[in-house]
Each structure stands twice: as C-alpha cells, then as structure tokens.
Amino acid sequence: MRSTSIRDYALDTVIYISLTLMGLATLLPFANVLSKSISEEWAIVAGKVGIVPVGFQLDTMRFVVTSGQFLHALFVSALVAVVGTLASLLVTAMTAYPLSKRDLPGTGPLIVLFIFTMMFNGGIIPNYLLIRQLDLIDNLGALILPALVSVFNLLVVKSYFESLPASLEESAKLEGARNYTILFRIILPLSGPVLATIGLFYAVYYWNDYFNPMLYINSASLMPLQLYLQDIVMNADTSSALNRSADDLMNVPAEGVRSATVIASTIPILLVYPFLQKYFIKGVLIGSVKG
C-alpha cells in the first residue's frame with residue numbers, strides 16, 4: 001500500500017513538472033514579444049531584451065493602436081469573427097440536430113460523408129475556383145463561407161444533442177411543437193455549454209485565419225488583422241505597412257512596432273476567453289460522452 005502511494009505521488013509529481021515546463025515553453029515566446037513591445041528603443045536595437053522588459057515605455061504600443069490601418073483591420077477581423085461565429089453556430093446546430101436522430105433514415109451515410117471531408121478535401125486550387133465561381137473574390141464572404149461548418153464541432157454538438165433526454169422532445173411534440181420550435185426553444189437553450197465551447201473554437205479560427213484572406217482578399221480596405229499583421233512582420237519597410245511616414249518612425253524601433261502589433265492583435269481574443277471559461281471544459285466533456 002505504501003509503495004503504491006509513493007509511486008503514485010512520484011508519478012503525479014512528474015506529470016505536474018512536465019505540464020509546468022510545457023506551459024512555460026509556450027509562454028516564453030509570448031513573454032519575449034511582450035517585453036519587446038514595452039522595452040526601451042536602445043535595448044531592443046542592442047538585442048538586450050529577453051523575457052523581462054528592459055526599461056519601460058508605451059510609445060510603441062500607442063503608435064500601433066492609433067494607426068488608422070490597424071484600427072480598420074481590427075474592425076474587419078471583429079466583423080468577420082462575430083458574423084462568422086454566429087453563422088457557424090446556427091448552421092452547425094441546424095445540421096447536428098437531425099443527425100442526432102438515430103431513427104432518421106440516412107443519417108449513417110451522411111455522417112460518413114461528413115467524416116470523409118475531415119480526411120480529404122479538394123485542395124487549394126479547386127477551392128479558389130469555387131470561390132471565384134461564386135463571385136466572392138475580394139469579398140468578406142470568402143472568409144466565412146469556407147469555414148462555415150467544422151465537422152469536429154458538428155460531431156461534438158451532435159453528441160451533446162444525443163445526451164439530452166428524449167422525453168423533452170416527446171412532450172413538446174404532444175403539445176403540437178414542430179421541429180424548428182423544439183430546436184430553437186428547447187434544445188438550444190439547454191445547450192449553452194457546448195455552444196459556448198464551439199463558439200470559442202469558431203471565433204478563434206476566424207480571428208486567427210490569414211491563409212484565406214491571403215488567397216481571396218486583394219483590397220487593402222478588406223484586409224483583416226492577421227493579414228495586416230503578416231505584412232507588418234514580413235515587410236522590412238514598416239512605415240509603408242503602417243501607412244505612416246518615415247519621420248513618424250524615428251522614435252519607435254521597427255522590431256518594437258512588430259511586437260506591439262502582435263500583442264495588440266492578440267489581446268481582443270484573449271479577453272473573450274474568461275467569459276466562456278466556465279462553459280469550456282463542461283461543454284467538451286458533455287459533448288464527448290456519447291457518439
């Protein structure tokens with residue numbers, strides 16, 4: 001008994017230490033970027049900044065967040081994330097509801113077809129040709145439509161719907177309720193945890209997506225934040241990417257501007273997580289119990 005207890009304690013210690021080290025490994029790059037965004041110019045230029053800031057200043061961050069192009073890109077990303085997340089939640093729920101009915105003919109082959117798309121897809125060129133045929137090139141719809149439904153999220157919601165008592169729907173049907181009424185007035189109000197969870201998944205995807213904008217967006221006025229961020233990081237001439245003159249950049253280092261842009265683009269999505277944290281684990285666990 002005692003040897004087993006000691007072995008379990010040692011195993012738990014190893015697990016906690018490993019998880020702590022992995023957590024620190026993921027935080028170190030973020031800490032380095034944050035330090036560069038608020039450190040003094042001479043320290044950044046000299047390469048003295050590690051994970052701890054050298055000096056302190058907010059001029060670089062203020063320079064970034066007051067840029068007109070940055071604010072416009074932030075608005076575009078927020079619009080795509082909000083509209084895309086709401087549309088994805090609606091379509092995912094409406095698709096998962098009939099698939100959760102095992103007595104409905106044809107659900108098995110349909111689920112197989114959905115799972116097939118998780119492993120195989122048409123590729124970049126067919127997707128681009130499809131978006132062009134739909135006349136969505138240089139249109140914000142091209143950033144939402146390709147990611148409208150995630151099969152993984154669909155299966156999670158389907159499993160959650162299957163875990164709900166069948167008596168709820170039976171009693172509603174006895175009262176004359178139809179399928180749409182049951183879904184929107186009974187099922188969805190009871191599905192807050194799983195909807196919040198996959199809503200966070202969708203929101204993070206739409207917010208971080210830069211590959212689709214790079215393929216489908218040509219106009220600077222439709223450039224989302226991540227594509228703008230890519231221009232900042234990859235463009236050696238930061239003044240052109242920020243739509244500022246070279247004189248405006250004399251007091252702020254280019255590396256500091258890049259770091260401040262990364263931090264400023266990360267903060268909004270980080271602020272969303274605390275409001276959904278209480279639903280996150282519960283939604284994933286309940287949605288994965290059955291299926």
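Reply: What follows goes through the salt bridges one by one, then turns to the cavity and a surface patch.

This is a predicted model. Its structure holds three salt bridges. Side chains of opposite charge can pair when their charged atoms come close.

Start with Asp59 and Arg62. These two form a salt bridge, and their closest N and O atoms are 2.8 Å apart. Both sit in helix 3, which covers residues 59-65. They are three residues apart there, so about one helical turn separates them. Asp59 has a relative accessible area of 45%, so it is partly exposed.

Next come Glu162 and Lys158. Their side chains meet in a salt bridge, at 2.9 Å from N to O. Helix 8, residues 151-163, holds both Glu162 and Lys158. They lie four residues apart, about one turn of the helix. Glu162 is buried, and Lys158 is buried as well.

The remaining pair is Lys101 and Glu169. Here the side chains meet in a salt bridge at 2.2 Å, N to O. The relative accessible area of Glu169 is 11%, so Glu169 is buried; the cut-off is under 20%.

Now look inside. A search of the whole structure finds one cavity of 30 Å³ or more. The largest cavity has about 50 Å³ of space. Its lining is made up of Ser77, Val80, Leu143, Tyr206, Asp209, Pro213 and Pro224. By type, the lining has five nonpolar residues, one polar and one charged.

Then turn to the surface. A nonpolar patch is formed there by Ile115, Phe116, Met118, Met119, Phe120 and Phe152. Together these residues have about 630 Å² of accessible area. Helix 5 gives the most to the patch, with four residues. Met118 is found in helix 5. Its relative accessibility is 45%, so Met118 counts as partly exposed.

How values were computed:
Residues are numbered from 1 along each chain as its sequence is written. This is a predicted model: local features need pLDDT of at least 70, side-chain atom pairs count only at pLDDT 80 or more; totals for chains, interfaces and linings use all residues. Side-chain values use heavy atoms; hydrogens and water are left out. A salt bridge is a side-chain nitrogen of Lys or Arg within 4 Å of a carboxyl oxygen of Asp or Glu. Helices (H or I, at least four residues) and strands (E, at least two) are DSSP runs, numbered from the N terminus. Buried means under 20% relative accessible area, exposed over 50%, partly exposed in between (1.4 Å probe, protein chains only). On a 1 Å grid over the protein atoms alone, a cavity is a set of points where a 1.4 Å probe fits but cannot get out, and a pocket is an open set with protein on both sides within 12 Å along at least five of seven lines; lining residues have an atom within 4 Å of a point. Grid points are joined across faces, edges and corners, and a volume is the space filled by probe spheres set on the points. Ala, Val, Leu, Ile, Met, Phe, Trp, Tyr, Cys and Pro count as nonpolar, Asp, Glu, Lys and Arg as charged, and the others, Gly among them, as polar. Patches are made of residues with over 30% relative accessible area and no salt bridge: like charges are joined within 9 Å, nonpolar side chains (Val, Leu, Ile, Met, Phe, Trp, Tyr) within 5 Å. Accessible areas come from the Shrake-Rupley method with a 1.4 Å probe; for residues, only the protein chains shown count as cover.
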